[in-house]
Amino acid sequence: VRRPQTGAQPPVQKLGVLGAGLMGAGIAQVAAVAGIDVVLIDTSAEHVQAAKNKLVSALQRTHGDKAEAIAARIQATADLQQLKDCDFVVEAVFEDRSVKADLMQRAALALGDVAPHFVWASNTSTLPISGLAAHWSDPQRVIGMHFFSPVPRMPLLEIIMGQQTSQETLARTMDL
C-alpha cells in the first residue's frame, strides 16, 4: 500500500508508549533513536524504570557516546497523566481485548482533548482493529502497528487499518 495523498501530516512530537515489556520498550527505543520524545508507561514505577535501565544499557552498546542523549528522550513513568501532550500513542500491552479496552478508556481520560491529527495505535497481532476502535471516541484515529521482535533489530512493521481508519491516520502512521 502506498501512502495516501492526504497532504502533509505534522510530525510526531511526543509519542506515548503503553507497556514497557519487550515490545513497548523496543518501540520506545527506536522512537528515541529517531529523535522523538517518548513517554513510556507501565503499571508500576519499578517495572518501567527497570525497562528504561535495560534500554540505557542497550543504547550504550549500540550508540556509544550518544546513548545518554537518546535515553534522555524517554520519560519512564507509571502515571497515565503524563500522556497529556502526546500526539500519537502506541499501546503494547497484554493481548486481551478487555485489558486493551480498559486501558483505552483510562488513557482517553488522561489525554483529554487530543490534537486533530492524534493517532491511537495498537501493537496487536491477533485482535481486530475495528473491534478495538469501538472503544475509542473517534474510530477513524485508530490503527494497528504490529512491530516484530526484537523491535530495534527487526525493521519490519505491519500496519493494519480498521474499517473506519481514516486515510489521514494511515498517512500519519506511515510517516512515523
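This is a predicted model: local features need pLDDT of at least 70, side-chain atom pairs count only at pLDDT 80 or more; totals for chains, interfaces and linings use all residues.
At 42% relative accessibility, Asp175 counts as partly exposed, because that label covers everything between buried (under 20% relative accessible area) and exposed (over 50%), with a 1.4 Å probe and protein chains only. Residues are numbered from 1 along each chain as its sequence is written, and side-chain values use heavy atoms, with hydrogens and water left out.

**Salt bridges**

- The whole structure holds six salt bridges, each being a side-chain nitrogen of Lys or Arg within 4 Å of a carboxyl oxygen of Asp or Glu.
- Asp175 pairs with Arg3, with 2.6 Å between the closest N and O atoms.
- Asp175 sits in helix H6 (residues 167–175) and Arg3 in the segment before strand E1 (14–18), so this bridge ties together parts that are 172 residues apart in sequence; helices (H or I, at least four residues) and strands (E, at least two) are DSSP runs, numbered from the N terminus.
- Arg3 is partly exposed too, at 25% relative accessible area.
- Helix H6 also holds Arg172, whose salt bridge with Asp87 has its closest N and O atoms 2.9 Å apart.
- Both partners are buried: Arg172 has a relative accessible area of 1%, and Asp87 has 7%.
- Glu95 and Lys100 meet at 3.5 Å, N to O, and together with Glu91 they are linked in a network of salt bridges.

- Asp42 is found in the loop between strand E2 (37–41) and H2.
- Asp42 is buried yet has no salt bridge, and Arg106, the nearest side chain of opposite charge, is 9.0 Å away; Lys and Arg count as positive, Asp and Glu as negative, and His and the chain ends are not counted.
- A polar atom of the Asp42 side chain lies 2.6 Å from the backbone nitrogen of Ala20.

**Pockets**

- The largest pocket has a volume of about 470 Å³; a pocket is an open set of points on a 1 Å grid over the protein atoms alone, where a 1.4 Å probe fits, with protein on both sides within 12 Å along at least five of seven lines, and lining residues have an atom within 4 Å of a point.
- Of its 21 lining residues, Gly26, Gln29, Leu55, Ala58 and Pro152 lie nearest the centre.
- H2 gives the most to this lining, with nine residues.
- The second largest pocket holds about 220 Å³, and among the residues closest to its centre are Asp42 and Arg106.

Methods
Grid points are joined across faces, edges and corners, and a volume is the space filled by probe spheres set on the points. A polar contact is a pair of N or O atoms within 3.5 Å; within protein, one must be able to donate a hydrogen and the other to accept it, and residues adjacent in sequence count only if both atoms are side-chain atoms.
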